[in-house]
Amino acid sequence: MELKLQIILILSCIIMLLIFFDMLKKNKLYMKYSIIWLGSIIFILFFSLFPKIIFYISKFIGIVTPANLLFLIGILSLGAIVFSLTVSQSRNSAKVIKLSQEFAILENEMKKFKDISQDKNLKRK
């Protein structure tokens, strides 16, 4: 790996870590979803600092070009992020459905209560 590329990757990871921790501090990013992002950033930083490890791992796995291993790792990381977001979105959809149903029940009860109170007012007159 060229020194120029290595420096760019290291600086990019440091900037990403600063942004990441700033977003955590401002509560713009939930802790439970941030683990995958943090892992990805540290993973890239590790391989930026020690690029020879990629060559050994790719040779051990049987991948011809170390760049292909990096693409595979990137695709798997993105897949993990998409999966975690899908799980989160599914949970939120279930919560929205439940809240909508509870709201409809409460609205129906309020309507019944309003009808009963109007009937009582008409009988008093």
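Mentor: A residue is called buried if its relative accessible area is under 20%, exposed if over 50%, and partly exposed in between, using a 1.4 Å probe and protein chains only. The model is predicted, so local features need pLDDT of at least 70 and side-chain atom pairs count only at pLDDT 80 or more, while totals for chains, interfaces and linings use all residues. Residues are numbered from 1 along each chain as its sequence is written, and side-chain values use heavy atoms, with hydrogens and water left out.

The part to look at is the pairing of helix 1 (residues 3-25) with helix 2 (residues 31-49). Helices here are DSSP runs of H or I with at least four residues, strands are runs of E with at least two, and both are numbered from the N terminus.

Take each helix by itself to begin with. The expected span of a helix is 1.5 Å times one less than its number of residues. Helix 1 has 23 residues and should span 33 Å at 1.5 Å a residue, which agrees with the 33 Å between its end C-alpha atoms. Helix 2, with 19 residues, should span 27 Å, and the 26 Å between its end C-alpha atoms agrees with that.

Now put them together. The two helices pack at an angle of about 160 degrees, with their axes 9 Å apart. An axis is a line fitted to C-alpha atoms, for helices over the stretch in contact, and the angle runs from 0 to 180 degrees between N-to-C directions. Helix 1 and helix 2 are therefore roughly antiparallel; angles over 145 degrees count as roughly antiparallel, under 35 as roughly parallel, 65 to 115 as roughly perpendicular and the rest as oblique. Their crossing is left-handed, meaning that the near helix is turned anticlockwise from the far one by less than a right angle, whereas clockwise would be right-handed.

Which residues meet? On the helix 1 side they are Gln6, Leu9, Ile10, Cys13, Met16, Leu17, Phe20, Phe21 and Leu24. On the helix 2 side they are Met31, Ser34, Trp37, Leu38, Ile41, Ile44, Leu45, Ser48 and Leu49. By class, this contact has 15 nonpolar, 3 polar and no charged residues. Ala, Val, Leu, Ile, Met, Phe, Trp, Tyr, Cys and Pro count as nonpolar, Asp, Glu, Lys and Arg as charged, and the others, Gly among them, as polar. An α-helix has 3.6 residues a turn, so residues three or four places apart point the same way.

The buried residues of helix 1 are Gln6, Ile10, Cys13, Leu17, Phe20 and Leu24, and what covers them includes helix 2. In helix 2, the buried residues are Ser34, Ser40, Ile41, Leu45, Phe47 and Ser48.

Ser48 counts as buried at 1% relative accessibility. Not counting residues up to four places away in sequence, Ser48 touches Gln6, Leu9 and Ile10, where contact means heavy atoms within 4.5 Å. Of these, Leu9 is in helix 1 and is partly exposed, with a relative accessible area of 26%. The C-alpha atoms of Leu9 and Phe47 are separated by 9.3 Å, although these residues are 38 residues apart along the chain. Ser40 is also in helix 2 and, at 15% relative accessibility, counts as buried. Leaving aside neighbours within four places in sequence, Ser40 is in contact with Ser77 and Ile81.

Just after helix 1, Asn27 takes a positive phi of about 60 degrees, in a residue other than glycine. Most residues other than glycine have a negative phi. Asn27 is exposed, with a relative accessible area of 66%.

For comparison, consider a residue outside the pair. Val96 lies in helix 4 (residues 66-124) and counts as exposed at 51% relative accessibility. The C-alpha atoms of Val96 and Ile15, 81 residues apart along the chain, are separated by 36 Å.
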